[in-house]
Amino acid sequence: MAEPRALRWPIGLLLLASCSGQFGDLPASDDDDDGEATAPLCDSIEPGESPLRRMTRVEYDNTILDLLGDDSRPARGFVPEEESLGFNNQAAALVVSPLLAEQYMTAAEGIAARAAGKLLGEAPSCRGAAAGAACRGEIAALIASLGKRAFRRPLAEDEVAELAALFDRGLGLGETPDDASTGLSLVVQAMLQSPHFLYRVELGMPDPVEGDVVPLTSYEIASRLSYLLWGTMPDDALFAAAEAGALGTSAEIAAQARRMLDDPRAREAAKNFHRQWLGLSKIDEIAAGGRDPELYPEYRDELLPLFQAETEAFLDHAIFEEDASVSALFTASYSMMNRELAELYGVEGGPKGEAFERVELDPSQRAGFLTHAGLLSLYAKPNRSSPVHRGRFVRQSLLCQIPPPPPDVVPEPPMVDRTKTTREQFSQHVSDPGCRSCHTLLDPIGFGFEHYDALGRWRDAENGIPVDASGELTQTDIDGPFDGAVELAHRLAESEQVRACVVKQWFRFGYGRAEQREDACSLSQATEAFEASRYNVRALLVALTQTDAFRYRREIDVGGSVGDDAGDASESAPGGEP
């Protein structure tokens with residue numbers, strides 16, 4: 001295989017594009033399915049788009065920790081990312097505002113100041129003496145070593161020379177003429193503000209394998225693996241594999257992926273996905289409205305982190321300890337709780353302490369994450385349950401389908417009437433022509449959750465009236481009536497549509513973009529492997545590393561200069577890259 005071309009691109013144009021959005025295509029809408037299902041023709045390699053991806057706040061903090069051992073997590077104070085398709089890592093939405101650019105600069109200054117002293121230990125000849133030849137040699141080696149890890153690929157000779165010149169400038173800025181720590185601080189600052197650190201710049205190999213399709217370099221594959229499965233930079237083993245050119249085949253990539261899934265960092269990346277896919281990260285927002293103290297005197301804000309922890313601990317245990325299938329996530333009759341949560345659930349003989357333990361639940365009342373108190377509370381109102389929000393969650397997040405509301409309709413929930421059940425109060429949605437089109441898809445699903453109040457607790461009656469939790473699924477592959485959320489969960493567990501939605505959601509999260517027509521083969525590749533594993537979640541994550549969209553990209557033209565028109569550069573970069 002030919003050597004990859006040098007990864008050099010004018011920094012000014014990269015920054016211009018990050019602010020203007022010229023590199024990224026607009027994201028597809030949530031309802032991007034156009035209704036025509038045609039079997040993909042996979043006779044050729046079709047990688048789809050490869051947008052330029054900027055680090056999220058989580059990825060930035062993780063990378064700084066792994067790169068320099070700095071655990072200050074400065075990105076927590078950065079401007080929050082814009083969400084698209086339910087995730088905060090979608091490339092087209094990750095623009096750099098002037099405020100964020102300033103925050104990058106401030107963070108780099110603080111990180112560099114803390115790192116310089118430790119890094120100076122790798123250049124002992126630069127301590128307390130004039131920077132002679134020995135010092136310069138050590139600095140050049142340090143720049144090459146640190147830069148390789150920071151940029152996730154080897155530095156070109158001119159890049160090392162530029163950073164070494166910056167070190168020289170720093171020698172005259174410190175408290176003494178030979179203050180090497182100031183020079184090193186400038187070098188680190190420059191690295192941390194470079195587009196090659198903040199973005200995953202991918203150009204691919206120089207020679208197409210088919211048409212205008214090129215394979216990614218081993219270093220680019222290593223970076224894709226690490227940010228997909230760990231949310232951070234490659235480790236030493238991945239760098240070694242990249243240097244040896246041992247990430248060029250699907251088998252080599254799969255072997256690394258399986259190794260990485262045994263690392264604790266894979267669990268954290270999966271938690272990040274589930275927080276966004278299921279909305280777990282928004283549970284703490286319940287505190288803003290709280291719960292009606294007359295109806296829910298047991299509520300307190302301190303329950304909210306326990307709600308989120310329950311679902312995260314359950315999914316972590318099921319996927320990484322039980323090696324569970326997607327079906328088990330919907331049907332499991334156990335959860336992970338501590339004493340306080342077990343008391344809220346009414347579990348007898350449960351945990352006695354604050355540590356989370358596996359707890360068996362009544363299978364007639366609970367089934368998988370769908371009946372967790374946190375999700376049921378999140379998709380509820382301060383004074384009652386919400387069939388609309390619970391039904392929408394199932395349609396949108398689990399079935400990947402939701403119609404937008406009519407543009408002239410402003411939804412207003414019915415007034416609370418304590419002489420009726422919530423189901424009876426929402427009957428107006430069926431009679432109101434402006435509401436019927438959407439709510440016939442949402443409410444019949446949401447009514448299946450009526451055995452759970454706004455705190456997610458089981459109830460047999462509401463306002464003294466027996467609960468009717470019968471529901472109906474329509475426009476799915478599992479259509480028909482059902483009775484209660486447990487039966488609904490078991491139906492969803494067997495749905496091919498749900499399984500396809502899980503693949504689609506992981507695709508969006510893992511690749512940082514919406515799926516498009518060109519991705520039909522990649523989605524088919526991942527789905528077939530998922531099906532062959534009997535829908536094992538870990539197998540799906542490995543399968544995501546085997547697709548055309550993961551391993552290849554369209555060839556791009558890296559010619560031009562900073563003065564070139566950004567629009568022309570965008571046109572020469574079919575994936576939204578320079």
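Q: Where does Leu 85 lie, and why is Leu 85 called buried or exposed?
A: Leu 85 lies in the loop between helix H2 (57–68) and helix H3, where helices (H or I, at least four residues) and strands (E, at least two) are DSSP runs numbered from the N terminus. Its relative accessibility is 10%, and buried means under 20% relative accessible area, exposed over 50% and partly exposed in between, with a 1.4 Å probe and protein chains only, so Leu 85 counts as buried. The model is predicted, so local features need pLDDT of at least 70 and side-chain atom pairs count only at pLDDT 80 or more, while totals for chains, interfaces and linings use all residues. Residues are numbered from 1 along each chain as its sequence is written, and side-chain values use heavy atoms, with hydrogens and water left out.

Q: What is the phi of Leu 85, and which value does Arg 152 have?
A: Leu 85, although not a glycine, has a positive phi of about 60 degrees, and Arg 152, also a residue other than glycine, has a positive phi near 60 degrees. Most residues other than glycine have a negative phi. Arg 152 is in the loop between helix H4 (133–151) and helix H5 (157–171), and Arg 152 is called buried because its relative accessible area is 4%.

Q: What makes the pair of Glu 202 and Arg 224 a polar contact?
A: The side chains of Glu 202 and Arg 224 are joined at 2.7 Å, and the term requires a pair of N or O atoms within 3.5 Å, where within protein one must be able to donate a hydrogen and the other to accept it, and residues adjacent in sequence count only if both atoms are side-chain atoms. Glu 202 is in the loop between strand S2 (199–200) and strand S3 (213–215), and with a relative accessible area of 5% Glu 202 is buried.

Q: Which residues touch the most other members of the largest nonpolar core?
A: A nonpolar core is a set of buried Ala, Val, Leu, Ile, Met, Phe, Trp, Tyr and Cys residues joined through side-chain atoms within 4.5 Å. The largest has 144 residues, of which Tyr 60, Phe 197, Leu 225, Phe 369, Leu 370, Leu 398 and Leu 492 touch the most other members. Helix H3 (residues 98–120) gives the largest share of this core, ten residues. Another core, of five residues, lies apart from it and includes Ile 402, Phe 426, Leu 442 and Phe 447.

Q: How many buried residues does the protein chain have, as a percentage?
A: Of the 578 residues in the protein chain, 54% are buried. The chain has 26 helices and twelve strands, and residues 24 or more positions apart account for 69% of its contacts with a separation of 6 or more.

Terms used
Contact means heavy atoms within 4.5 Å.
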